[in-house]
Amino acid sequence: MQQMRIEIGIYVVAVAMACTSHAQASGTPLKVYILAGQSNMEGHARIETFDYIGEDPATAPILKEMVDADGQPITCDNVWISYYTGGHKEPDKESGEGSGKLTAGYGARGTKFGEIGSKIGPEFTFGIYMQKHVEEPILIIKTAWGGKSLHTDYRSPSAGRYKPFKQELEKLAGKFTEQERQKWHAEKKARTGLCYRLMIEHVKKVLADPKRVYPAYDAGAGYEIAGFAWFQGFNDLVGAYPKADDPETKSTAKTIKDYSEYSRLLGCFIRDVRQELSAPDMRFVIGVLGVGGEEENPGRNAFRKAMAAPAALPEFKGNVVAVETAPFWEKALARIDAKRGKVKQMGYFLRSKHKNHANKDGNMDKQAQNDYLKKFREELITPEEEDMWRRGASNGGYHYLGCAKTFALIGKAFADAMVK
């Protein structure tokens with residue numbers, strides 16, 4: 001396949017290829033899907049990694065849906081998107097929205113929020129495959145901000161006032177002055193629920209005038225809020241949740257936390273969103289955080305169970321589903337990433353004159369350290385692995401290695417789950 005060449009910054013689609021063009025049928029409501037979450041809903045997979053999708057026979061058919069005959073990302077004539085990010089500090093400004101026909105580039109971006117970027121999240125394949133499922137015009141409303149938690153930033157009204165975890169209170173009591181404690185509480189109060197409010201405000205703004213984003217909107221037919229996909233979790237995974245009793249040893253384990261509060265908060269979030277949008281039976285997909293893949297990890301697995309738990313509540317039976325994303329973790333790239341981590345660690349050892357490594361006496365100057373590190377890397381990572389990394393990865397592990405193959409599979413899984 002022709003190698004795609006793009007510039008970092010504004011991505012301009014060279015060739016527009018429609019998914020399948022339909023106008024909003026008379027009397028048929030416009031299908032609206034809401035996507036929300038933190039950095040992995042934003043999406044950090046660069047478009048340069050698209051070709052990697054085609055190298056796997058299992059995912060090559062997905063790539064064919066994403067690009068045209070020249071290897072360029074398609075533009076969907078029948079799926080429109082309004083993507084809101086940024087704007088926390090100045091929420092009244094309009095700079096946070098980018099909108100138009102769905103194409104690649106509605107992933108994470110920099111400060112020029114109104115422009116199409118060079119990355120994708122789940123939205124691209126979600127829209128492509130959702131179109132196949134419903135065969136009607138679709139409007140996606142996406143809101144996402146990196147580094148945000150459910151326990152604070154996305155906390156919804158019925159969850160109640162934010163209550164600091166025990167570890168937070170102990171830290172405040174032991175290391176902070178009274179002035180610092182007051183500042184911490186004030187900042188926490190200001191942040192609590194902010195992303196939830198910004199999300200709801202933006203969704204309502206778009207739905208107040210759908211024609212602004214989807215020009216062919218038929219006001220007489222109206223719209224239907226057909227589903228909501230939630231993809232978040234990393235900040236809660238590493239957050240200050242209390243330690244839990246290990247079910248095996250019955251003792252408090254450092255690596256295992258009690259995430260039951262996350263389950264409660266997500267249940268509140270689902271109820272509140274449905275009430276705010278007057279969509280009591282709106283389908284809701286929970287994208288369960290899959291960073292790290294399927295390898296056994298008690299702490300990570302405890303969080304995943306807490307994320308998925310609301311789907312098992314009787315009140316949500318049949319219209320809330322949890323989608324595991326760990327199976328889409330790219331193991332081959334992860335193994336290379338682990339080796340890259342060892343190289344980075346060795347660089348630190350050399351700079352810090354670690355007693356167990358080559359520069360323990362501090363005799364290496366900067367050039368000598370670089371030469372040593374270069375040789376260390378060449379012996380650890382093969383040229384084939386270096387090339388695979390360049391083709392398939394574009395970010396860190398907490399962002400699923402910035403692998404478009406992973407995000408394409410996640411977006412498709414969300415769409416498939418939405419119709420089931």
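Tyr 400 lies in the loop that runs between helix H13 (383–392) and helix H14 (404–419), where helices (H or I, at least four residues) and strands (E, at least two) are DSSP runs numbered from the N terminus. The model is predicted, so local features need pLDDT of at least 70 and side-chain atom pairs count only at pLDDT 80 or more, while totals for chains, interfaces and linings use all residues. Residues are numbered from 1 along each chain as its sequence is written, and side-chain values use heavy atoms, with hydrogens and water left out.

- Most residues other than glycine have a negative phi.
- Tyr 400, which is not a glycine, has a positive phi near 55°, and with a relative accessible area of 1% this residue is buried (buried means under 20% relative accessible area, exposed over 50%, partly exposed in between, with a 1.4 Å probe and protein chains only).
- Ser 278 also is not a glycine and has a positive phi of about 55°; its place is the loop between helix H9 (260–276) and strand S10 (283–288), and it counts as exposed because its relative accessibility is 65%.

**The sheet**

- Seven strands form an open sheet with mixed pairing, in the order S4-S3-S6-S1-S7-S10-S11, where two strands pair if DSSP finds at least two bridges between them.
- Strand S4 (97–103) and strand S11 (320–324) stand at the edges, and because each has a single partner strand, one side of each is left without a neighbour in the sheet.
- On average, neighbouring strands of this sheet are turned by 20° against each other, direction ignored; axes are lines fitted to C-alpha atoms, for helices over the stretch in contact, and angles run from 0 to 180 degrees between N-to-C directions.
- Strand S3 (residues 75–84) pairs with strand S6 (residues 138–144) in the parallel sense over 6 bridges, and Tyr 84 has Thr 143 in S6 as its bridge partner.

**Helices packed on the sheet**

- Helix H9 packs on the sheet and touches strand S7 (223–231), S10 and S11, with its direction making about 165° with that of S7; contact here means heavy atoms within 4.5 Å.
- Helix H14 packs on the sheet as well, touching strand S1 (30–37), S7, S10 and S11, and its direction makes about 130° with that of S7.

**Cysteines**

- A disulfide is a covalent bond between the sulfur atoms of two cysteines.
- When a disulfide is taken as a pair of cysteine sulfur atoms within 2.5 Å, the count comes to 0.
- Cys 195 is buried, with a relative accessible area of 1%, and Cys 268 counts as buried at 5% relative accessibility.
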